[in-house]
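Welcome! Here is a short briefing to read alongside the sequence and the 3D view.

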Amino acid sequence: MPGSKILASAHYVPSDVVTNDDLAQIIDTNDAWIQSHTGIKTRHISLQGENTSDLATQAAKLALAQAHMKPEDIDLIIVTTFTPDGLAPSTAALVQRNLEAKNAWAYDIMTACAGFVFGLSTADKFLRSGSYKNALVIAAEVNSKMMDFSDRTSTVFFGDGAGAVVMTADAHGNGVVAGEKMHTIGNPDVVHSGRIAPLTQLSPDNYPKMDAFAQIGHDVFDEVTELIPDHIYSFLETKSLKPSDVDYFIPHQANLRLIEYIANALNEPIDKFSTNIIRNGNTSSAGIAIGFDELRQSVDLNGKRVLLTGFGAGFTYGSILLEF
């Protein structure tokens with residue numbers, strides 16, 4: 001049977017670390033409030049001119065090195081981001097140029113915080129088709145450039161970063177994609193970013209204006225707590241598994257309190273869950289990719305099951321099960 005598996009992974013974060021006390025210098029907030037409500041202590045912010053394609057390129061280079069592959073070995077590049085360099089060219093196309101991946105074609109997926117899971121799912125289908133051998137899936141976000149730094153309810157959550165994996169067409173061995181389940185519920189108000197209003201009249205003064213990221217925090221929390229534990233239970237049931245059969249969970253790094261809630265709802269210990277949000281903040285689609293790479297670097301995954309669960313973007317969610 002055709003299939004796909006993950007060969008290698010890597011991640012990259014900007015060098016500038018911003019603490020809660022740093023934010024308190026420009027926003028009416030404090031370290032105690034941020035930690036109690038979000039669990040976040042620090043985040044990496046791109047302050048050296050690095051855009052999303054730059055972070056993605058760095059993560060991709062590191063992943064290729066881990067896989068002992070050259071850019072020309074890659075057939076497909078997918079970048080998941082909702083903070084692209086621009087609408088055109090795609091961030092993936094810029095990464096392809098940076099890598100000189102001359103045999104690949106490239107495009108973006110914009111499903112925000114669920115992006116990396118959707119990207120893995122998409123690459124898996126291309127690799128299973130038999131037409132492609134190797135793919136790069138990269139989740140990269142420069143959330144900071146989309147923030148309204150007068151909005152303390154959103155700004156304190158977010159950081160910048162990127163994670164990448166190399167996937168290959170193979171149904172056997174470590175890192176096999178063993179199953180998935182995806183959902184979308186359109187809701188334009190709970191989370192939105194980068195809206196551009198249509199014209200109401202022709203005028204030489206017309207110029208596109210983009211809005212900053214915004215979210216209704218309590219609505220996001222309610223959606224996640226209502227949907228995600230049941231989603232995980234029902235997905236695992238389709239594989240004749242229970243949460244206790246999963247060795248590691250890597251959920252979207254939205255909020256440490258949400259991750260704790262999910263762990264409790266699944267009756268699983270928090271030490272089975274990635275919590276890189278404490279150091280990196282909410283890096284949107286990159287959080288799961290970073291968490292996966294950190295897990296691979298820290299433990300022997302041979303014989304283990306890893307569940308990746310993304311959610312967000314008002315409202316998109318899904319899970320992928322990896323077996324090693």
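Helix α5 is mostly covered, with 10 of its 14 residues buried; buried means under 20% relative accessible area, exposed over 50% and partly exposed in between (1.4 Å probe, protein chains only). This is a predicted model, in which local features need pLDDT of at least 70, side-chain atom pairs count only at pLDDT 80 or more, and totals for chains, interfaces and linings use all residues. Residues are numbered from 1 along each chain as its sequence is written, and side-chain values use heavy atoms, leaving out hydrogens and water.

**Helix α5**
- Among the buried residues of α5 are F116, F118, D124 and L127.
- Helices (H or I, at least four residues) and strands (E, at least two) are DSSP runs, numbered from the N terminus.
- After α5 comes G130, whose phi is positive, near 90 degrees.

**Where α3 meets α4**
- Helix α3 (residues 52-67) packs against helix α4 (residues 91-99) at an angle of about 50 degrees; axes are lines fitted to C-alpha atoms, for helices over the stretch in contact, and angles run from 0 to 180 degrees between N-to-C directions.
- In contact (heavy atoms within 4.5 Å) are T52, S53, A56, T57, A60 and K61 of α3 with T91, L94, V95, N98 and L99 of α4.

**Backbone features to look for**
- Most residues other than glycine have a negative phi, and most peptide bonds are trans.
- The peptide bond from A88 to P89 is cis, with omega near -5 degrees, and P89 sits in the loop between β4 (76-80) and α4.
- A112 has a positive phi near 50 degrees and counts as buried at 5% relative accessibility.
- N267 has a positive phi near 60 degrees, and is exposed, with a relative accessible area of 64%.
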